[in-house]
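Let's take a friendly walk through this model together. Please have the sequence and the structure open side by side as you read.

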Amino acid sequence: MKNLSSSCARLAHRLGLGLVMTCMAGTPVAADPAKQDSERAQLTVRVTQLSNDKGRVAVALFASSAGFPKQERALSGQLARISQKRASVTFRDLHPGVYAIAVLHDENENSKMDFNFLGMPLEGYGFSNDASATFGPPSFEDAAFQLKARPSAVSIKARYFSL
């Protein structure tokens with residue numbers, strides 16, 4: 001599959017196409033590498049409705065469904081301190097494209113989601129598009145959004161499981 005994408009990019013370059021070509025579903029390939037490098041995006045993620053100012057917020061950015069929403073499989077991740085039940089981070093130098101975000105309110109700063117004996121989350125979480133996590137995490141597609149080559153912002157509401 002990877003070879004097919006690079007073959008399409010080489011073909012587009014040879015044909016002088018200044019367009020983004022899609023050779024396979026969901027796999028955009030820039031025809032002009034120089035133009036691709038000049039088109040960068042910036043994304044600010046604002047997390048709201050945190051239950052308190054304890055701990056920190058982990059924000060994980062994903063560019064595909066592979067590993068979503070496991071933070072260790074993210075394309076990039078950042079930690080933010082909490083102030084007035086809010087937190088924010090900014091990802092810079094991103095390629096425009098489709099992304100999804102998962103956040104964790106790591107209240108005890110142990111770098112993982114904690115669960116009760118029934119397997120229900122004990123800490124806050126959230127996803128881009130405020131995608132629902134009723135019986136487990138949402139799909140990448142439910143949380144996915146299009147990032148364009150300009151400064152953008154996404155707001156995510158923290159959710160907490162309660163019995």
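Buried residues (under 20% relative accessible area, with exposed over 50% and partly exposed in between, using a 1.4 Å probe and protein chains only) make up 38% of the 163 residues in the protein chain. This is a predicted model, in which local features need pLDDT of at least 70 and side-chain atom pairs count only at pLDDT 80 or more, while totals for chains, interfaces and linings use all residues. Residues are numbered from 1 along each chain as its sequence is written, and side-chain values use heavy atoms, with hydrogens and water left out.

The protein chain has 3 helices and 10 strands; helices (H or I, at least four residues) and strands (E, at least two) are DSSP runs, numbered from the N terminus. Their order, starting at the N terminus, is α-β-β-α-β-β-β-β-β-β-α-β-β. Taking contacts (heavy atoms within 4.5 Å) between residues at least 6 apart in sequence, 64% join residues at least 24 apart.

**Strand E10 and its surroundings**

Strand E10 covers residues 151-157, with Ser152, Val154 and Ile156 on its covered face and Pro151, Ala153, Ser155 and Lys157 on the uncovered one. Strands E3 (residues 41-48) and E10 run parallel and are joined by 7 bridges; two strands pair if DSSP finds at least two bridges between them. Within this pairing, Val47 has Ile156 of E10 as its bridge partner.

Ser152 of E10 touches Gln42, Leu43, Thr44 and Leu147, leaving out residues up to four places away in sequence. Phe91, in strand E6 (residues 87-94), is in contact with Gln42 and Leu43 too, and its other partners beyond four places in sequence include Ala41, Val45, Val59 and Leu61. Phe91 counts as buried because its relative accessible area is 2%.

| Pair | Separation in sequence | C-alpha to C-alpha distance |
|---|---|---|
| Phe91 and Ser152 | 61 residues | 9.9 Å |
| Val45 and Ser152 | 107 residues | 8.7 Å |

**His105 in strand E7**

What does the side chain of His105 reach at 2.8 Å? The backbone oxygen of Lys54 is the atom at that distance. His105 lies in strand E7 (residues 97-106) and is buried, since its relative accessible area is 1%. Among its contacts beyond four places in sequence are Leu50, Arg56, Ile82, Glu123 and Tyr160.

**A pocket lined in part by E7**

The second largest pocket has a volume of about 670 Å³. Of the 26 residues lining this pocket, Met113, Phe115, Tyr125, Phe127 and Pro137 lie nearest its centre. Strand E4 (56-62), E7 and strand E8 (125-127) are the elements that give two or more residues to the lining, and E7 gives the most, with 4 residues. Here a pocket is an open set of points on a 1 Å grid over the protein atoms alone, where a 1.4 Å probe fits, with protein on both sides within 12 Å along at least five of seven lines; lining residues have an atom within 4 Å of a point. Grid points are joined across faces, edges and corners, and the volume is the space filled by probe spheres set on them.

**Backbone geometry in the loops**

Most residues other than glycine have a negative phi, and most peptide bonds are trans. A cis peptide bond joins Phe68 and Pro69, with omega about 0°, and Pro69 sits in the loop between E4 and strand E5 (76-81). Glu109, in the loop between E7 and E8, is not a glycine but has a positive phi of about 50°. Asn129, in the loop between E8 and helix H3 (140-143), has a positive phi near 65°. Glu109 is partly exposed, at a relative accessible area of 35%, and Asn129 is also partly exposed, at 44%.

Note on methods
Polar contact = N/O pair within 3.5 Å; in protein donor to acceptor, adjacent residues only side chain to side chain.
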